[in-house]
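Please look through the sequence and the structure below before reading on.

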Amino acid sequence: MRFVLQILKEQLLHLNLILRICNYDLKSRYQMHYLGLIWEFITPAMKIIIYWVVFGLGIRGGEPINGTPYIVWLLVGLIPWLFISPSVIQGVNSVYVKINLVSKMKFPVSVLPTISVLSHAFNFLIMLVCLGIVLIILQINPGIHLLQLPYYLLCLFVFLISFTLLGSTISIIIRDFQTMLQSGMRLMFFLTPVFWDPSILAKSYPAILTFLKLNPLYYLIEGFRATFLGEIWFFNDLVYTLYFWSITLFILFVGSFLHMRFRNKFIDYL
Amino acid sequence: MKPKVTMSNVSKKYILYKKQTDKFFDLISSKKRGNTFYALRNISFRVYEGETIGIVGINGSGKSTLSNLLAQVIPPTTGSIELNGESSLIAISVGLNNHLSGIENIKLKCLMHGLSEYQIKKVTPEIIDFADIGKFIDQPVKNYSSGMKARLGFAISVHTNPDILIVDEALSVGDKTFYEKCLRKMNEFKKEGKTIFFISHSISQIRSISDRVLWLSFGKIEEFGETKTVLKNYDSFIKWFNNLSNKEKQQYKDDKLKEQLTEQRVIEGSYSEKGRKMNKQNRNKSFYLESGLLFLLSVSTGLLMFY
């Protein structure tokens, strides 16, 4: 608990610093580009179109899922995914990339993964607004289930910050972790129901579906779907919620412990 | 005068691994791998407000390790360092991002030092003026000459308002005019009661700036005292050393290195060290308990999901 509290304290104490560096990161990311921040929309938009054409029009033939147009159904899962995937990959690498810059000064290293996650969050929030506009245009009303959006956002951020904190330490000590994670995330894209409907699998192979559910990312993606497409509340499946939180907190505990233990030695491992 | 920096029995041990995997196995097993090397051993000194300390020593005597310890870049293996105030390290081109332009580096470094937007706006022209690199300020740092990098690094660090300034050979690449400028700035700092550690191979530079000189030799303090006497002794040592034949030089160095490689009992406050260790164990115990519980919970709920 001590380690976790100290990490949290550092994050809160340096909140101002985190936000300012995020802001700087965003501005500098596309500095050499002519289109600048517009790329923050073009890149995800291209991905969405590709997935929609391939999986929606190509494989499913444009059929809706449970009465929801496929594009909306896809967007609800894909938008969180487009936030999760780069956050995880770059967040895990964040300490490694910046350690040379940071090690010659007093700087709270524990905020680096958070900075990485939050600087991607800007794009995510814009995409959420876009999703809202699409829902309004298509006149899809999420209803009262929309109220659980803050809850799932909390889940998402806590999970991402915990995981990147743990991963950033591991990837300094074992460089292979970063490479492994990159292919791992590509695999995860297919193992979480971003573009496929889990209800089909639930009928034929329920055990396999439960197995896939052990992946915390499944909880997040399905959570966002339940929020926007108005299916169920998060407390309808208490066991699953409990599972998600215990594994997230476990990652946070181990992540803080390892971080505190190795943070002074990071520079020795390069 | 108030003490600004107090080092007591500070040692820094490095473990030299032969293979990448040894590093990893050393973490999980208690078996010793690799050779130990003492970059610094049992260093104790006290430095007061407004003092400038020159640090001299031949290559490999631990000057950079000492400066890194002072800047809190690396932690000491044993012993304690007490600093009253923020320290800032200036070495050649450290902490500059090669892909960013000079002006972006200024902004990023200031941000990381925790300056506000307003302060950065105020301090940026001063830094540019001090660094004096003209139109190159908008170019990526990778195109800079080493002198430009040093000047920019020095200018940024000086303007982030440190209490303890550590200058590690950063001025050796600058020309005379830049050196004069830095000297003026350092004298300004001195008047404000800030402490400066000045590491250089140039005896004349050290002589002109320091109040006291610390002479390091193979990880130990050889002498610490008045500038005149220490520099005289150091000078005569260098002369003596240079007059040795190559074979004798090598012999001398090898002997000293062997000393640094041997695992020697370092002086440590055994009582407090022990107490700290016990405390650490207790803390670790509670961590293992809590994370174990969480792990069990996640496994059991995970299994429950199958029913």
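How many salt bridges does a search of the whole structure find over all chains?

## Salt bridges

The model is predicted. Over all chains, the search of the whole structure finds nine salt bridges. In general, side chains of opposite charge can pair when their charged atoms come close.

One salt bridge joins A:Glu222 and A:Arg225, with the closest N and O atoms 3.5 Å apart. That distance falls within the 4 Å limit used for a salt bridge. Both A:Glu222 and A:Arg225 belong to helix H10 of chain A, which covers residues 216-228. They are three residues apart, or about one turn of the helix.

## Where chain B meets chain A

At the interface, 43 residues of chain B are in contact with 41 residues of chain A. The area buried between the two chains is about 4,000 Å², and carbon and sulfur atoms give 71% of that area. On the chain B side, the residues that lose the most area to chain A are B:Met112, B:Phe287 and B:Met305. Together these three account for 18% of what that side buries.

Four elements of chain B each give two or more residues to the side that touches chain A: strand E1 (3-16), helix H1 (20-28), helix H3 (102-112) and helix H10 (270-304). Of these, H10(B) gives the most, with 13 residues. Sorted by class, the chain B side has 22 nonpolar, 12 polar and nine charged residues.

What does the rule find across this interface in the way of salt bridges? It finds zero between chain B and chain A. For polar contact, the rule finds one residue pair across the interface, with both residues at pLDDT 80 or more.

## The second largest pocket

The second largest pocket has a volume of about 1,200 Å³. It is lined by 41 residues, and those closest to its centre are A:Asp25, A:Ser28, A:Arg29, A:Gln90 and A:His120.

By class, the lining residues divide into 18 nonpolar, 16 polar and seven charged.

Terms used
Residues are numbered from 1 along each chain as its sequence is written. Chains are lettered from A and ligands numbered from 1 in the order in which they are written. This is a predicted model: local features need pLDDT of at least 70, side-chain atom pairs count only at pLDDT 80 or more; totals for chains, interfaces and linings use all residues. Side-chain values use heavy atoms; hydrogens and water are left out. Contact means heavy atoms within 4.5 Å. Buried area is the accessible area (1.4 Å probe) that two parts lose on being put together, summed over both. A salt bridge is a side-chain nitrogen of Lys or Arg within 4 Å of a carboxyl oxygen of Asp or Glu. A polar contact is a pair of N or O atoms within 3.5 Å; within protein, one must be able to donate a hydrogen and the other to accept it, and residues adjacent in sequence count only if both atoms are side-chain atoms. Ala, Val, Leu, Ile, Met, Phe, Trp, Tyr, Cys and Pro count as nonpolar, Asp, Glu, Lys and Arg as charged, and the others, Gly among them, as polar. On a 1 Å grid over the protein atoms alone, a cavity is a set of points where a 1.4 Å probe fits but cannot get out, and a pocket is an open set with protein on both sides within 12 Å along at least five of seven lines; lining residues have an atom within 4 Å of a point. Grid points are joined across faces, edges and corners, and a volume is the space filled by probe spheres set on the points.
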